[in-house]
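These are my notebook entries on one structure. I went through it piece by piece and wrote down what I looked up.

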Amino acid sequence: MDAFTAGLLQRIRTTESDLSRARDEGDDFLVEVEQGELDDLRRLAAEHGVEVGAAYA
């Protein structure tokens, strides 16, 4: 796995964790921010052929 892919997958994992925490805390604004970031990261992954499911491998 190259550095770009590894870094992108790590950012996705971190953002998913941050999103979950924001939901648990009931911070609606932060949920929107984190969801937007996650959407952008997933779009970037798709554009570069990165399998997002690989973030959990």
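I began with Glu37, which is partly exposed because its relative accessible area is 29%. For the terms I kept this rule: buried means under 20% relative accessible area, exposed means over 50%, and partly exposed lies in between, with a 1.4 Å probe and protein chains only. The model is predicted, so I noted that local features need pLDDT of at least 70, that side-chain atom pairs count only at pLDDT 80 or more, and that totals for chains, interfaces and linings use all residues. Residues are numbered from 1 along each chain as its sequence is written, and side-chain values use heavy atoms, with hydrogens and water left out.

**Entry: salt bridges**

What does Glu37 form a salt bridge with? I found Arg11, with the closest N and O atoms 3.0 Å apart. A salt bridge here is a side-chain nitrogen of Lys or Arg within 4 Å of a carboxyl oxygen of Asp or Glu. This pair links distant parts of the chain, since Arg11 is in helix 1 and Glu37 is in helix 2, 26 residues apart. Arg11 has a relative accessible area of 44%, so I listed Arg11 as partly exposed.

I then searched the whole structure and got four salt bridges. One of them joins the side chains of Arg21 and Asp18, at 3.0 Å from N to O. Both residues lie in helix 1, three residues apart, which is about one turn of the helix. Arg21 is partly exposed because its relative accessible area is 42%, and Asp18 is partly exposed because its value is 23%.

Another joins Asp40 and Arg43, whose closest N and O atoms are 2.4 Å apart. These two lie in helix 2, again three residues apart, about one turn of the helix. Asp40 counts as partly exposed because its relative accessibility is 42%, and Arg43 counts as partly exposed because its relative accessibility is 45%.

**Entry: helix 1**

I took helices as DSSP runs (H or I, at least four residues), numbered from the N terminus. Helix 1 covers residues 3-25, which is 23 residues, and reaches 33 Å from its first C-alpha to its last. That is close to the 33 Å expected at 1.5 Å a residue; the expected span is 1.5 Å times one less than the number of residues. At the start of helix 1, a side-chain oxygen of Asp2 comes to within 3.1 Å of the backbone nitrogen of Phe4. After the helix comes Gly26, which has a positive phi near 75°.

Which residues of helix 1 are buried? I listed Thr5, Leu8, Leu9, Ile12, Thr15, Glu16, Leu19 and Ala22. They pack against helix 2 (28-47). I checked Thr15 on its own: Thr15 counts as buried because its relative accessibility is 6%. Leaving aside its neighbours within four places in sequence, Thr15 is in contact (heavy atoms within 4.5 Å) with Glu34, Glu37, Leu38 and Leu41.

**Entry: helix 2**

Helix 2 has 20 residues and spans 29 Å from first C-alpha to last, close to the 28 Å expected at 1.5 Å a residue. Its buried residues are Val31, Glu34, Leu38, Leu41 and Ala45. They cover an arc of only 100° around the axis, so they sit on the same side of helix 2. I read the arc as that of the directions from the helix axis to the C-beta atoms. The buried residues of helix 2 pack against helix 1. On the face turned away from the buried side I found the exposed residues Asp28, Phe29, Glu32, Ala46 and Glu47.

**Entry: the core**

How many residues does the largest nonpolar core have? I wrote down 10: Leu8, Leu9, Ile12, Leu19, Ala22, Val31, Leu38, Leu41, Ala45 and Val50. Such a core is a set of buried Ala, Val, Leu, Ile, Met, Phe, Trp, Tyr and Cys residues joined through side-chain atoms within 4.5 Å. Helix 1 and helix 2 each supply at least two residues of this core, and the largest share, five residues, comes from helix 1. Leaving aside its neighbours within four places in sequence, Val50 is in contact with Phe4, Thr5, Leu8, Leu9 and Ala45.

**Entry: after helix 2**

Just after helix 2, Gly49 has a positive phi of about 70°. Gly53 is also in the segment after helix 2. Gly53 counts as partly exposed because its relative accessibility is 45%.

Methods: A polar contact is a pair of N or O atoms within 3.5 Å; within protein, one must be able to donate a hydrogen and the other to accept it, and residues adjacent in sequence count only if both atoms are side-chain atoms.
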